[in-house]
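Please examine the structure shown below alongside the account that follows.

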Amino acid sequence: MTGAELDPLVDSEDATRGSTAKVVELLGCQIVEGAKPRDQHLTVDAVMHEFGTTRPMAREALQTLHQKGLINLQPRIGATVQALERWDLLDPDVIAWRLEVAPDSQMRSLTELREVIEPRAARLAALSRSAAVCHDLTSRARTLLALSEEPDFARQREGAPIRQRFRDVDAAFHRTLLAGSRNELFLRLSHPVVMALNHRIDRDWAGGHQEATVTSARAPVGADTVQSYPTRPEPIAMWLHMGLAYAVDQGLATASEAFAEAILAEIRGGRLQDPAVLDRLRAGLDEFNANGLPSARRDGFQDAMAALIRVRHAPVVVMGVTGCGKTTVGRYLAESLRAPFEEGDRFHPRRNVESMEHGGRLDDRSRSPWLAAIAGRMRAAGSEEGLVITCSALRRIYRELLRVARPDAFFVHLELDQDEATARVAGRQSHYMPASLVPSQFEDLEPLQEDEAGMTVDATLPVERIVAEVQTELARRTRRHPTD
Ligand SMILES: Nc1ncnc2c1ncn2[C@@H]1O[C@H](COP(=O)(O)OP(=O)(O)O)[C@@H](O)[C@H]1O
Ligand SMILES: O=C(O)[C@H](O)[C@@H](O)[C@H](O)[C@H](O)COP(=O)(O)O
């Protein structure tokens with residue numbers, strides 16, 4: 001038997017109106033909005049009368065609100081509204097009611113809660129690095145990015161299923177992150193987190209989408225009936241999700257924490273410009289190996305991060321004796337840094353190349369126009385675009401010349417012994433440099449000195465490893481001197 005059949009006050013055309021859930025919700029909303037002041041007495045009769053429901057339902061409703069801490073129900077005394085601190089503020093219904101009656105303040109509280117737990121959960125997830133969590137996070141981040149780029153995403157009708165999927169995947173992503181922390185108390189907070197995500201998404205996509213996809217047992221108390229157009233998620237937010245997923249996958253605690261913090265800062269609008277947040281993101285990107293991202297997505301990620309942290313790229317000179325790997329490493333490094341690559345050999349005057357071809361070593365005089373041309377190219381390099389250029393730069397004085405053009409130049413010395421250099425040069429096809437000149441290169445070589453900006457790397461390491469080491473060092477320096 002339904003409430004409507006039992007009680008003549010209930011409108012029989014709306015069978016849900018007098019249901020316990022409905023009464024709980026209406027009364028709950030009144031309490032959280034302050035319409036039922038603290039210590040107000042709530043009797044079963046008054047509830048029956050006000051909400052047109054049966055006595056058992058009124059009783060059950062009061063019992064439910066008692067369990068949620070909104071009212072205090074005492075035998076024979078009745079029910080009184082409790083102070084806010086007694087409410088079960090993490091209860092999904094209480095959150096939903098507070099979102100309905102005071103969305104801004106409830107969202108602020110939820111976001112502040114997320115700011116505390118999610119970066120921490122991300123750090124813990126990176127430290128425990130469960131295979132299932134890594135898999136789910138990365139695949140969900142990729143799905144989110146792909147969905148956000150769907151052409152129909154922001155179209156009222158056609159986009160509705162895409163947006164619904166996005167909403168579900170986003171919730172799953174953040175739940176997985178909390179689960180990944182392996183802290184059951186964090187996981188317990190996944191409901192409030194997901195409610196905050198959904199509320200924000202629904203608000204941003206208010207209008208047709210909301211009607212079409214948001215199902216709620218509740219009547220639209222205070223529902224926004226204004227028709228507006230759905231908006232696409234910010235691309236930077238999607239890239240940050242990608243970064244977070246892959247940072248957890250790489251077991252990078254600092255990076256994971258920084259990406260999670262940046263995702264929340266993005267929600268807070270201007271906070272993504274906060275220098276402290278960006279500093280931590282820079283530190284995170286220092287550890288992060290973008291090569292872990294799917295190759296088709298790497299450029300987009302790097303561009304988004306570069307735009308966000310506005311890195312100023314010092315020109316990088318890859319130096320060392322012939323055959324040490326300047327060209328091979330330089331190309332790869334430029335690609336990874338998204339900087340132009342320049343082959344220094346191409347600046348040699350013709351006579352220099354001819355001389356080397358015939359086994360003649362270069363000296364200070366013959367190298368002078370070549371170094372001047374390289375210096376010119378370095379001077380022309382945009383500070384945001386950067387440059388990777390190869391140049392043996394064997395003597396310190398040559399490097400001083402290049403530093404006059406660009407005091408911020410960073411030298412990467414690929415260190416190799418003579419036997420290995422000889423073997424490499426001898427094995428190299430179609431190159432003008434004969435192996436017979438290798439010893440002269442070692443005679444001229446003056447390794448990088450302590451006071452020179454740069455680093456020395458073992459040139460026998462795999463190329464990717466060399467590039468990763470250089471990237472890490474460059475990022476570390478950028479963080480230390482962001483405006484240099
Ligand atoms: N890290 C490396 N490990 C193994 N072989 C390398 C490495 N770097 C370069 N090589 C090989 O050594 C040879 C010389 O490299 P190259 O880039 O032409 O040096 P450079 O420009 O300094 O003369 C090439 O055959 C290249 O494939
Ligand atoms: O200063 C020099 O003597 C030359 O620049 C030399 O160092 C350079 O190595 C050759 O041009 C060969 O080119 P690779 O170094 O690319 O083999």
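Strand β1 (residues 41-42) runs antiparallel to strand β3 (residues 78-81), and 2 bridges join them. Strands here are DSSP runs of E with at least two residues, helices are DSSP runs of H or I with at least four residues, and both are numbered from the N terminus. Two strands are taken to pair if DSSP finds at least two bridges between them. The model is a predicted one, in which local features need pLDDT of at least 70, side-chain atom pairs count only at pLDDT 80 or more, and totals for chains, interfaces and linings use all residues; side-chain values use heavy atoms, with hydrogens and water left out. Residues are numbered from 1 along each chain as its sequence is written, while chains are lettered from A and ligands numbered from 1 in the order in which they are written.

Together the 3 strands form an open sheet in the order β1-β3-β2, with antiparallel pairing. Strands β1 and β2 are its edge strands, each pairing on one side only.

Attention now turns to the helices. Thr176 has its place in helix α8 (residues 160-180). Is this residue, Thr176, buried or exposed? Thr176 counts as buried because its relative accessibility is 9%; buried means under 20% relative accessible area, exposed means over 50%, and partly exposed lies in between, with a 1.4 Å probe and protein chains only. The side chain of Thr176 makes a polar contact with the side chain of Arg140 at 2.6 Å. The side chain of Thr176 also reaches the backbone oxygen of Ala172, at 2.6 Å. A polar contact is a pair of N or O atoms within 3.5 Å; within protein, one atom must be able to donate a hydrogen and the other to accept it, and residues adjacent in sequence count only if both atoms are side-chain atoms. Leaving aside residues up to four places away in sequence, Thr176 touches Val133, Asp136, Leu137 and Arg140, where contact means heavy atoms within 4.5 Å.

Trp239 is found in helix α12 (residues 235-249). Trp239, with 9% relative accessibility, therefore counts as buried. Trp239 and Leu145 are separated by 94 residues in sequence, yet their C-alpha atoms are 7.4 Å apart in space. Leu145 is among the residues that Trp239 touches, along with Arg297, Gly300, Phe301, Ala304 and Met305, not counting residues up to four places away in sequence.

The ligands come next. Of the 14 residues around ligand 1, Lys326, Thr327, Thr328, Arg428 and Leu461 come nearest; a residue is near a molecule or strand if one of its heavy atoms lies within 4 Å of it. A backbone N or O atom of Lys326 lies 2.8 Å from an oxygen atom of ligand 1. On the nitrogen side, a polar backbone atom of Ala459 is 3.2 Å from a nitrogen atom of ligand 1, and a polar backbone atom of Leu461 is 2.8 Å from a nitrogen atom of ligand 1. On its own ligand 1 has 560 Å² of accessible area, of which the protein covers 73%; accessible areas come from the Shrake-Rupley method with a 1.4 Å probe, and for residues only the protein chains shown count as cover. Helices α16 (326-337) and α22 (463-480) are the elements that give two or more residues to the shell around ligand 1. The largest share, 3 residues, comes from α16.

Which residues come nearest to ligand 2? Of the 15 residues around ligand 2, these are Thr322, Lys326, Asp345, Arg367 and Ser392. Polar side-chain atoms lie 3.0 Å from an oxygen atom of ligand 2 in the case of His348, 2.7 Å in the case of Ser392 and 2.9 Å in the case of Tyr432. Taken alone, ligand 2 exposes 390 Å², and the protein buries 98% of that.
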